[in-house]
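Here are a few friendly notes to read alongside the model. Take them in any order you like.

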Amino acid sequence: MDRNSIERERRLNMRNLLSRLFPLLPPQPTEMSIPDMVELATIYVKQLQRQLEEIKKRKMQLEGESEAVCRVTRKTISPVLDIIDSNSTTRVNLITGSNMKFTLSEIISVIEEEGAAVIGVTYNNAGETMNILSVHCQAICSRIGNESSRLGERLKTLLEECM
C-alpha cells in the first residue's frame, strides 16, 4: 500500500470511531469542530469517572449502614406466634428474626402430634432480617373442643428452645 491509501484508511477509521463516540456524549446545541468534540468527550468521561467514584463510596456507606441495621434487627425481632381457628381448620402464623434456629419439620411434628394434618405451608425470608411462616392445617378427627391453646404453648416452648 502506498502512503495515500494508508492515510485514507487512517482517516476512515478515525471518522468511524468518532461517529461511534459522539452519540454517547450529551447533546450539544451548536455544531462543534472535531477537536472541540474530542475535548468535550474527555471532560465528559472524567466527569463520569468522578460520579462513579462518588456512587461507589455512597454504596459502600449504605451497605455498611444496612449491615448494621440488619445485625440490630436480627437481634431485636422476637418471635410472633398467631394461631387462628376456623371450624376444623387452623392457621399457624409465625414471624421470627433470621437468627432463629428451628426447622420446618419440627413445627410440623408439633402440629401433627396435636392431631392435625398439614394442608399447606408458606415460607418467606424477608431480606435476611426475618422469616415469615404460615401453616394451614386441618384436624385429623373431630374432637370435643379445640386444642389450639395447647398447640400454641408447645410451639412457644419450641421457639424458646431455639433462641
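1. In which strand does S86 lie? S86 belongs to strand β1, residues 80–86 (strands are DSSP runs of E, at least two residues, and helices are runs of H or I, at least four, numbered from the N terminus). S86 counts as partly exposed because its relative accessibility is 41% (buried is under 20%, exposed over 50%, partly exposed in between, with a 1.4 Å probe and protein chains only). The C-alpha atoms of S86 and Q138 are 9.5 Å apart, although 52 residues separate the two along the chain.

2. Please keep in mind that this is a predicted model, where local features need pLDDT of at least 70, side-chain atom pairs count only at pLDDT 80 or more, and totals for chains, interfaces and linings use all residues. Residues are numbered from 1 along each chain as its sequence is written, and side-chain values use heavy atoms, without hydrogens and water.

3. Now to a helix pair: the axes of α3 (residues 104–113) and α4 (residues 148–162) come within 10 Å and cross at roughly 155°. The two helices are therefore roughly antiparallel (angles over 145 degrees). On the α3 side, E106, I107, V110, I111 and E113 make the contact, and on the α4 side L151, R154, L155, L158 and C162 (heavy atoms within 4.5 Å).

4. UniProt, in an unreviewed entry, places a "coiled-coil region" at residues 38–65; such annotations may be inferred rather than shown by experiment. In the model, residues 38–65 are 100% helix and 0% strand, with the end C-alpha atoms 41 Å apart.

Note on methods. Axes fitted to C-alpha atoms, helices over the stretch in contact; angles between N-to-C directions. Parallel < 35°, antiparallel > 145°, perpendicular 65-115°, else oblique.
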